[in-house]
Number of protein chains: 2
Amino acid sequence: MYPFTADIGNPPPAVLTIAGSDSGGGAGIQADLKTFTALECYGTSVITALTAQNTTGVQALHHVPPSFVEQQLRSVLDDIDIAAIKTGMLANSDVVRAVARTLTSLARPLPPLVVDPVCVSTSGHTLLDSEALGTLIEELFPLSTLLTPNTAEARMILQLIKQKRKSHAGEVPPITSIVDALRAARELCALGPCAVLLKGGHMSPGGVRLADVKAAVAAEDVHAVDYDGLVLPDANMEILFYAAQDPAMHDVPLVVDVLCERGVQPEGEDEGEGKKWIFTLFVRPYLDSSSTHGTGCTLSAALTCALARGEPLVEAVKLATMYTHHGIATAFPVGNGNGNSHGPLNHMHQLLPRVLNKRVPTPRDPFPFVRMLIHSNMDMWKQYVQHEFVRQLGKGTLSRERFLHFIKQDYHYLEYYARANGLIAAKSSEYADFAAAAQTVLAIVQERKMHVSFCSQWDINIAELERTPESPACTAYGAYIMDVGLQGDAASLLIALAACLLGYGEVGLWLSREAKRPQSWVKIEGNPYRKWIESYFGGDYQDAVVAGIERLEALVIRNPPNAKTLELWKAIWDRCTRLEKGFWDMAMDLS
Amino acid sequence: MYPFTADIGNPPPAVLTIAGSDSGGGAGIQADLKTFTALECYGTSVITALTAQNTTGVQALHHVPPSFVEQQLRSVLDDIDIAAIKTGMLANSDVVRAVARTLTSLARPLPPLVVDPVCVSTSGHTLLDSEALGTLIEELFPLSTLLTPNTAEARMILQLIKQKRKSHAGEVPPITSIVDALRAARELCALGPCAVLLKGGHMSPGGVRLADVKAAVAAEDVHAVDYDGLVLPDANMEILFYAAQDPAMHDVPLVVDVLCERGVQPEGEDEGEGKKWIFTLFVRPYLDSSSTHGTGCTLSAALTCALARGEPLVEAVKLATMYTHHGIATAFPVGNGNGNSHGPLNHMHQLLPRVLNKRVPTPRDPFPFVRMLIHSNMDMWKQYVQHEFVRQLGKGTLSRERFLHFIKQDYHYLEYYARANGLIAAKSSEYADFAAAAQTVLAIVQERKMHVSFCSQWDINIAELERTPESPACTAYGAYIMDVGLQGDAASLLIALAACLLGYGEVGLWLSREAKRPQSWVKIEGNPYRKWIESYFGGDYQDAVVAGIERLEALVIRNPPNAKTLELWKAIWDRCTRLEKGFWDMAMDLS
């Protein structure tokens, strides 16, 4: 006999869904099991009801006896070490009670429990009556780590509570704004769950706007805002807006999910030193898609996986909302459909080779790789492109001495940059890449001429440029680039060369944008460095930046990096932005 | 509004499972949906029965009315374009009939149908009585593209048929050999399915041996044998046996699945010009594992995915059996278990970064990457290591002129090889890699000395070696290696250098093994090239080969290649084995 184990690293956590079955595969335990698998968790399932269902709706329902639901639950929990549980459609009061009874009778502590209060299907089918909803509120809410209603479900729950508490209850108004959502989330959280994620997909037809988010944050006590998958204004990503050439990108419609957590001081009505409720907003581009069947199931399943892995709640919500967002974004057609049909999400997008770092290019986020690079060291990127050197240059107050020191060193740097582009050609295999490298080299030859002509304005000739000793900052940067080129493949060299290309492009666009503001600090007219500034926000240079961005995005699509390669690329990008900042530090210090 | 589509390439095919639910997640529709997802198909499901089940067995069963099974089936098939279907546990005769009736009433042609005749669970629970089995044979077998019984199910089916045909039927003997399986598969195929895959996992306790496979192939009319995941004797993989240092690897226990397809001439009992039955054997290492719960479900689900993608049947079986094999090989513990528990497979192994080209290192296949490289151009590999030059060298009949021509060129080649190893160091980032490269360089310095001392035996001094002009074959190979080193990263250069390192190791071991045979064609005693031969099967050189194999395997684990990189590596390996062969062609031609 050959006893056998292959080392596969840490075994995946086991998770459980308690929900209905959707024969069409888009929602229910099917969506859950697909999500569990794609997120590499071991999935188990307790089926509460069967539906005969497809993308057009629910055709028939078969109930499962509550005792058999309980039996399934015991079979799973008696044998398998479940790290997190989610509930979806629970069919009726007796099933809800059976689930609550079994979960509270466990010998060991209950693992994290995500309760998705499924009441109505995407197709409009009622899946839980108000009696069962009442039982759910009473028996499962207090056990839950996280409740995940959409705005309609939140309203139904709050309405039911209002009816119970007063005999003549008025209507609970619909939740149509972020401020409404913050209040509703707090009221729901007060009903027992440790936290509530109120999903904003249906909050406002066509989504909300960035101004709405900023207004809500200004008005309410919001702890943090997560903007993932967004090319944000004021984040020095002008080059991406420029490259996208899509005016709509400046005011993208958004979806906002609201997370409300119980704070450290849950007693008392008033806030003391701690906060009673902690709010986090999760903001993503709004997707106009009918492939939304099973969205809620998928999100709560993804949350369950993240909690099973021990992710903190905010991180779990971030991962799960992005997984679900990309599930919609990459959906493929399923079902013959009619005008009213709702197709499922793509649960397998993480398996697509095109998905880099869990992100796909979309019209609202067309350059996810470059955006990710910039995000990966945002602070250093801003220190680089908004450097004091750049600010003084923009004002026209930069001393001639500093500018000349910079330009002389940049003259040396260009030689490295030209050689490195030659090396890219030598390391490439496609004629398009040879051509791109050659065009860049020619652009550098041109840039050098510009440097020479600049310098001649200030009575510095080529001989003086040539004999100026190279500064350590210049050598560090230039030699680092050549070393990346020696050590790695064409891709890493392309990344190394991008910090300079993109950064100067951003400086050009940023100064140009700032100059257009009323009473701007940037002075173009009469600025002694006007020619220099204009050469970087000019069309030729910006065309090269766009081509560079597109080359980088094409690179990750043609040749998707593994996690290790991605870390290497981020490290190279980080080094080069630091070296760029160092270059301008040198100019300011005259060292 | 922002209408939205992200280009994700071809949409995945939709597939359907008609089977029972396993709450524990290891078998039934759960195993099917997990497999569908891992293999990137869109999964739908019709549930025929619910089980309360875990790794220790089935605790309770809930039947679903046949009419509701039919309703689910219609909901799926009316709306979704299903590319392939599988059936698993069908519970009872009425359900079988409902399924058969619905499938035959489709307006469009039935897609490929895989019927897994599930009768008994891995834990021993009876899942289909003999009446229902009879209905299955009668109504579903004729519709099926492929039937996938294990040996116990095959015997039950044949027994039932025997009982039906004769009043006083004897016992059908158990299927305990490959020859038994070939006969049983043919008898099953005659019952109506287009093809039968008879699974051999339980054929013989502890598996069968390679000699059994060869005997069966010699005795019966087997069309083809697929040996995947095996390091085979007589395939010039001596270096892998040597590196594994595991005597058991020479006679690994095996599992054999038998595929029987209807041939081109189905009429008449006797074979005419065509064959009535076409047999293919699928041979894999036997795994001694209790993580086999859901194996049959997983295999038939994987087959369904492959058929949905339009794979030919033999290719589909190959893909599905390897997927299932690796599911067992990479299983992780699920369930608290007792001595009798059966854990599930790992359905997610394709998502593991460690899995290269769908393969994981296992004790029976410890070097899957190097094995895959050798397999990828097996023919050229054999032309290289069993070259006429090597054969004459082994016999001692090689002309001195040819040997000297070779050794002079190899002297030049070693200079490239040393430089290329220096370049590997320059392209590495870890001290272990610097050290490995430096040790190789030192070994080359030593090898050069050996060349010099050899040549001095034949009155050729260093000066003559140095002034010998480089042949085009030598320049082609040496410059190609340097070019790979210039163009790519350390990994591609390591691959480029491997063909020489591993090939000479294989030549040494092959000649050494052949020399040990009685009346061998290889002559060691008195062979004028004895010293040369012994230097390559000696411990020092073989240690370097083992280190090289381990470095290559470590490379793909540390830095898993994407599909494009893998193709590049195979192309480099192919070029280098060709250039190696070319080097010996040159020696034989004296060109």
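Buried area is the accessible area that two parts lose on being put together, summed over both. By that count, chain A and chain B bury about 7,500 Å² between them. Keep in mind that this is a predicted model.

**Where chain A meets chain B**
- Carbon and sulfur atoms give 61% of that buried area between chain A and chain B.
- Eight elements of chain A, namely strands E1 (14-22), E2 (42-54) and E3 (57-63) plus helices H1 (28-38), H2 (66-79), H14, H17 and H21, each put at least two residues on the side that touches chain B.
- E2(A) makes the largest contribution to that side, with 10 residues.
- In terms of contacts, 93 residues of chain A pair up against 93 residues of chain B.
- Looking for charged pairs across this interface turns up 0 salt bridges.
- Polar contacts are another story, with 27 residue pairs found across the interface of chain A and chain B.

**A look at helix H17 of chain A**
- H17(A) runs over residues 472-487, and because 16 residues at 1.5 Å each should span 22 Å, the 21 Å between its end C-alpha atoms agrees.
- Its buried residues are Cys474(A), Tyr477(A), Gly478(A), Tyr480(A), Ile481(A), Met482(A), Val484(A) and Gly485(A).
- Among the elements covering those buried residues are helices H14 (400-427), H18 (490-515) and H21 (563-589) of chain A.

**How chain A divides up**

Terms used. Residues are numbered from 1 along each chain as its sequence is written. Chains are lettered from A and ligands numbered from 1 in the order in which they are written. This is a predicted model: local features need pLDDT of at least 70, side-chain atom pairs count only at pLDDT 80 or more; totals for chains, interfaces and linings use all residues. Side-chain values use heavy atoms; hydrogens and water are left out. Helices (H or I, at least four residues) and strands (E, at least two) are DSSP runs, numbered from the N terminus. The expected span of a helix is 1.5 Å times one less than its number of residues. Buried means under 20% relative accessible area, exposed over 50%, partly exposed in between (1.4 Å probe, protein chains only). Contact means heavy atoms within 4.5 Å. Buried area is the accessible area (1.4 Å probe) that two parts lose on being put together, summed over both. A salt bridge is a side-chain nitrogen of Lys or Arg within 4 Å of a carboxyl oxygen of Asp or Glu. A polar contact is a pair of N or O atoms within 3.5 Å; within protein, one must be able to donate a hydrogen and the other to accept it, and residues adjacent in sequence count only if both atoms are side-chain atoms.
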